[in-house]
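Student: I've got a model open and I'd like to learn how to read a few of its features. Can we go through some together?

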Amino acid sequence: VDLVGDSKQKASTDVEHLLISCHWNERNAVINDIIQAYGGTDGPEGRVICFTETKKDANEMVMSGDIKFECQPLHGDIPQKQRETTIAGFKRGTFRVLIATDVAARGIDISGVQLVIQIEPPQSYETYVHRSGRTGRANTKGVSVLFYTAKQRWYVKNIERNAQIKFKRVGPPSTKSLIKASIGKLEKKLESVSDEVVPLFSDEAKRLLEEMDTVDILARALAVISGHTRKLASRSILTSSKGFITVYVKGKQSIRSMTYVWNIIRRHIFDQPDDKVRAMKLTKDRYGAVFEVPSKYEKQVLAAAEKAGPYVEISMPTELPDLE
């Protein structure tokens, strides 16, 4: 599908190209967070197009309980009349997220797309350019997020080389960023409340303020309205795995082998790390490494960071350093 039409085979500089490592069984839940964090406002100004490689993928995403946003599929098995209805609804802002295959979306012209998501790297870089070019048009900025797995690294490098871009590798949105995105949208919702409705809630509001701390009750109310009433599970920013945290260790000398990193871990964090540490990768400058461990060891990692000393740095990064 070419949503852009004729275009040069070079990715737009008005688009921020993000890359996220994620296993397929975690993907839909992370996509939901990506939409919340990068999808802009609700309504027509925050349209999202998610590209899938197959009709089956599109159908499964629409039916997924992990994606909380209203979405509709667009693929070759859908009758033409229904496709036209779907496209018209997307343009009007009836729903925010369009999940499309290439064939079904060919020739469609839709403006105001804030975010493009590709659930896996396409085999040709031209396809990536066409898809990502659907956002960041008419002097506006956009975001393109590409999901990939370790086995698909070659396709990522091929896209970078031929489309003349450099992906920014990111992890799943943090709890803090998700709440911040929710609060930003809540402000508009609060402003939309009719002045005639407010008095109906005033007496109950006064009672709650008398019984509870002002800041605490407001924070709880915002949590309920935004849907964040339970502790959000942590995700590793390295692989997007739920229930894991990412750890960054950095030394004062260039790392010639992973043995050096394992020795740091044994000396400062875990006596027996073999069953706790996974997905280790060296940083581009080869002075450090990142890896992930189960989130239950977070306190142990933080304690190790405080005691590490002047020759070793240990931290839990919120953003990934440049990796090899």
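Student: Where is Ser240 placed?

Tutor: This is a predicted model, and in it Ser240 is in the loop between helix H9 (214-226) and strand S8 (244-250). Its backbone is worth a look: phi of Ser240 is near 70°, a positive value in a residue other than glycine.

Student: Is Ser240 buried or exposed?

Tutor: Buried means under 20% relative accessible area. Ser240 has 0% relative accessibility, so it counts as buried. Now take Gln164, in the loop between helix H6 (153-163) and strand S7 (168-169). Phi of Gln164 is positive too, near 60°, but Gln164 counts as exposed because its relative accessibility is 56%.

Student: Okay, helices next. Which residues of H3 are buried?

Tutor: The general idea comes from the turn: an α-helix has 3.6 residues a turn, so residues three or four places apart point the same way. In H3, the buried ones are Arg83, Thr86, Ile87, Gly89 and Phe90. Looking down the axis of H3, you'd find these buried residues within an arc of 160°, so they line one face of the helix. Exposed residues Lys81 and Arg92 are on the face turned away from that buried side.

Student: Which residues make the nonpolar surface patch?

Tutor: Val193, Val197, Val198, Leu200 and Phe201 make it, and the patch covers about 470 Å². One of them, Val198, is in the loop between helix H7 (175-191) and helix H8 (199-211). Val198 counts as partly exposed, because its relative accessibility is 42%.

Notes: Residues are numbered from 1 along each chain as its sequence is written. This is a predicted model: local features need pLDDT of at least 70, side-chain atom pairs count only at pLDDT 80 or more; totals for chains, interfaces and linings use all residues. Side-chain values use heavy atoms; hydrogens and water are left out. Helices (H or I, at least four residues) and strands (E, at least two) are DSSP runs, numbered from the N terminus. Buried means under 20% relative accessible area, exposed over 50%, partly exposed in between (1.4 Å probe, protein chains only). Patches are made of residues with over 30% relative accessible area and no salt bridge: like charges are joined within 9 Å, nonpolar side chains (Val, Leu, Ile, Met, Phe, Trp, Tyr) within 5 Å. Accessible areas come from the Shrake-Rupley method with a 1.4 Å probe; for residues, only the protein chains shown count as cover. A salt bridge is a side-chain nitrogen of Lys or Arg within 4 Å of a carboxyl oxygen of Asp or Glu. The arc is that of the directions from the helix axis to the C-beta atoms.
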